[in-house]
Amino acid sequence: RDAGLDLVGAWRVDSAGGPPGGAAPTRAELVATAPDLVIAVAGTTAQAVLLSDVVAGRVPAPVVVGLGPGFRDAPDPPEGTLRPVAWSDGFAGRHPLAAAITALYRARYGRPMSGSAATAFTATLTLARAVDTAATGDPAAVRVALRQLAVPATQMIMPWAGGRVGGNGQNELATAVGEQAGGDGGRGVFPPELAAAPGARARP
């Protein structure tokens, strides 16, 4: 409401794909509320599929923002769905190093590089760099070297601002990319400097 939007409906679906103590929102209910924007949070891909099926077919279609692991891991989200992802094929095609690595991956395995493969590749190279810096395989020395690493974004294939390991062992510079699903795969829409095409907007 602070953004000038009205909440016209809210439903909750449990982890098994069914509603707790009630019916899942039907397409008729969604049509009746006529939302311009649907924000869906899914913990599993089954939830994401269920919520996507409810939205599918409505004309005009609302803008769908898919949040949570369910939408993040969904292999084929509905066209137009906006979701945060750790890896974007659209970004990879516009980053020289990422483009080269993903081309090698496709040639080797016969399929596009996935987000899991990209993060595993990045983690392996980061660890190798720390071992090289420590000049030993001693775990304590490698941990110290990891904390001292500062990897620039130009030397990474991930759409991050760089690499810097924090006290919790995670990259402090890792960020998600906003992606919009389409028939030709996902395309980046956020941050603006990585956007490949204008994102969808809700009708005023």
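I39 lies in strand β1, where strands (E, at least two residues) and helices (H or I, at least four) are DSSP runs numbered from the N terminus. At 57% relative accessibility, I39 counts as exposed, a word that stands for over 50% relative accessible area, with buried under 20% and partly exposed in between (1.4 Å probe, protein chains only). The model is predicted, so that local features need pLDDT of at least 70 and side-chain atom pairs 80 or more, while totals for chains, interfaces and linings use all residues. Residues are numbered from 1 along each chain as its sequence is written, and side-chain values use heavy atoms, without hydrogens and water.

Together with L37, V41 and L67, I39 forms a nonpolar patch on the surface, with about 340 Å² of accessible area in total, and strand β1 (residues 37-41) gives the most to this patch, with three residues.

A polar atom of the R83 side chain lies 2.5 Å from the backbone oxygen of F71. Beyond its neighbours within four places in sequence, R83 is in contact (heavy atoms within 4.5 Å) with residues including G66, F71, V177 and E179.

In helix α7 (residues 139-148), V142, A145 and L146 are buried. They lie on the same side of α7 because they cover an arc of only 105 degrees around the axis, taken from the directions from the helix axis to the C-beta atoms. The cover over these buried residues includes α6 (115-134), whereas the face turned away from the buried side carries the exposed R143 and Q148.

Methods:
Polar contact = N/O pair within 3.5 Å; in protein donor to acceptor, adjacent residues only side chain to side chain. Patch = residues over 30% accessible without salt bridge, like charges linked within 9 Å, V, L, I, M, F, W, Y side chains within 5 Å. Areas by Shrake-Rupley, 256 points an atom, 1.4 Å probe, with all protein chains shown as cover. Salt bridge = Lys/Arg side-chain N within 4 Å of Asp/Glu carboxyl O.
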